[in-house]
Amino acid sequence: MEKLRYERPLIRKLESDMPNKFGSRTEFLPKTHIDGIAVKDLINDYGSPLFVISEKNIRETYQSAKKAFTTRYPKIQFAWSYKTNYLSAVCNVFHQEGSWAEVVSGFEYDKALANGVSGKKIIFNGPDKTEDDLRKAITNDSLIHIDHLDELYTIIELADEMKQKPRVAIRVNMDTGVYPIWDRFGFNYENGQAWDALNKIMRSGKLELVGLHTHIGTFMLTAQAYGTAAYKLADLAIGIRNRYNHKIKYIDMGGGFASSNTLKGAYLPGTDTNPTFDDYAEAITSALINSDFEPGNLPLLILETGRALIDDAGYLLGSVISNKRLSDGRRNTIVDVGVNLLFTSFWYDHKITPAREFTHYVEDTVLYGPLCMNIDVIRENVSLPLMNKGDQFVIHSVGAYNLTQWMQFITLRPKVVMIGSDGKPYLIRESESIESITAYEKMPEHLKSFKL
Ligand SMILES: *Cc1c(COP(=O)(O)O)cnc(C)c1O
């Protein structure tokens, strides 16, 4: 039998936290393995901190999202939102599952092409498409979602110059009952901008209007907002049909579905409150099915959901550096994971669990990262067992946005490992090194040497 570890006794005042209706949170149940591989071994082999992505989880989550829609609507297409996580191995899991690519910059566009996605299956969103980007997208027959009138006019000029008929949609923003409205992208529905842009496209005769797009927000906690949005897009599509006898091919509802994370300040855990894929699918598909599209001629429904498909597949493993007491006596644990790696710690109270069994003693703890910055707080208040220097832990549901918004700051970014569906670990991104960082720097001749 393994010798039990000594844990110092603790005198503890009565629980000061407000329990929710399920009692106090029990976040101290350990996460010892990820897809059958011990956390201890992963850290041993690849270092700490370490990002780990579960291929199995991605595929299962994708399948359940797909099922929620295909059981309700005849024509469904997912497009993977590159900015949510554009590690190529991750993108390719989605492409293997059948997802197209959804990109919001020239860089992401090139990445999708390099991953082997055909230009016809790349959806090009975003407010900053350069003329070169647009030329490339037109040549490759990609789906260009127009954000503003300047872009619309540029595309019309390019269509003339290139003697091609670009396939376009417009991005529409609208009041869905959730505020503030994300009205800085695309054309507004209520004030007539969207209808105006559609008329300009149709009257130019130079573009092929193939779809209508919206992306109403992110981490939307009201599924019905999507019903309202789908209804408004359907209304525009019917307007175009009636006026020009032109049928659009698809309605693209964007992304924004909530993942299972818990937003800061939420009363109940996200797993208990956030809408499910079924809730979102029901709202969107019933709006489309109940609209004036002819039965048997419904448009393709495209979904660009990002966060909800990848968050749970991502883990961030780390180790304790030290324990201290703050001036008010609170326990303060310093860990080797900083906010530079965990951008989403500004929005979420991430679930954090130790990587081995402890006794049931827990203490309210502030978790600090290793950066020399006061804002480097991973959790302001988390109930954790008495982890000591070297003890390992797992931060859950970090797959979305952290691997694209992470910063090289003070420390180097760590390795990323994917645990394949075969249960084996694969290194999918190397850790940074002094060489990889300085490779981009240039030294002017007169600064090359100095004497101290
Ligand atoms: C970011 C983004 C998405 C993905 O959003 P999630 O909130 O991660 O689902 C989809 N479409 C567009 C246009 C986006 O900008």
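A: The C-alpha centres of domain 1 and domain 2 lie 33 Å apart. In this assignment, domain 1 covers 33-52 + 314-433 and domain 2 covers 55-311, with bounds that come from an automatic or database domain assignment. The contact (heavy atoms within 4.5 Å) draws 24 residues from domain 1 and 24 residues from domain 2. The model is predicted, so local features need pLDDT of at least 70 and side-chain atom pairs count only at pLDDT 80 or more, while totals for chains, interfaces and linings use all residues. Residues are numbered from 1 along each chain as its sequence is written, and side-chain values use heavy atoms, with hydrogens and water left out.

Between domain 1 and domain 2 about 2000 Å² is buried, and carbon and sulfur atoms give 50% of it; buried area is the accessible area (1.4 Å probe) that two parts lose on being put together, summed over both. The interface has 16 residue pairs in polar contact, both residues at pLDDT 80 or more. A polar contact is a pair of N or O atoms within 3.5 Å; within protein, one must be able to donate a hydrogen and the other to accept it, and residues adjacent in sequence count only if both atoms are side-chain atoms. Two salt bridges are also found across the interface, a salt bridge being a side-chain nitrogen of Lys or Arg within 4 Å of a carboxyl oxygen of Asp or Glu. Asp349 and Lys264 form a salt bridge through their side chains, at 3.4 Å from N to O.

Arg307 instead places a backbone N or O atom 2.9 Å from an oxygen atom of the ligand.
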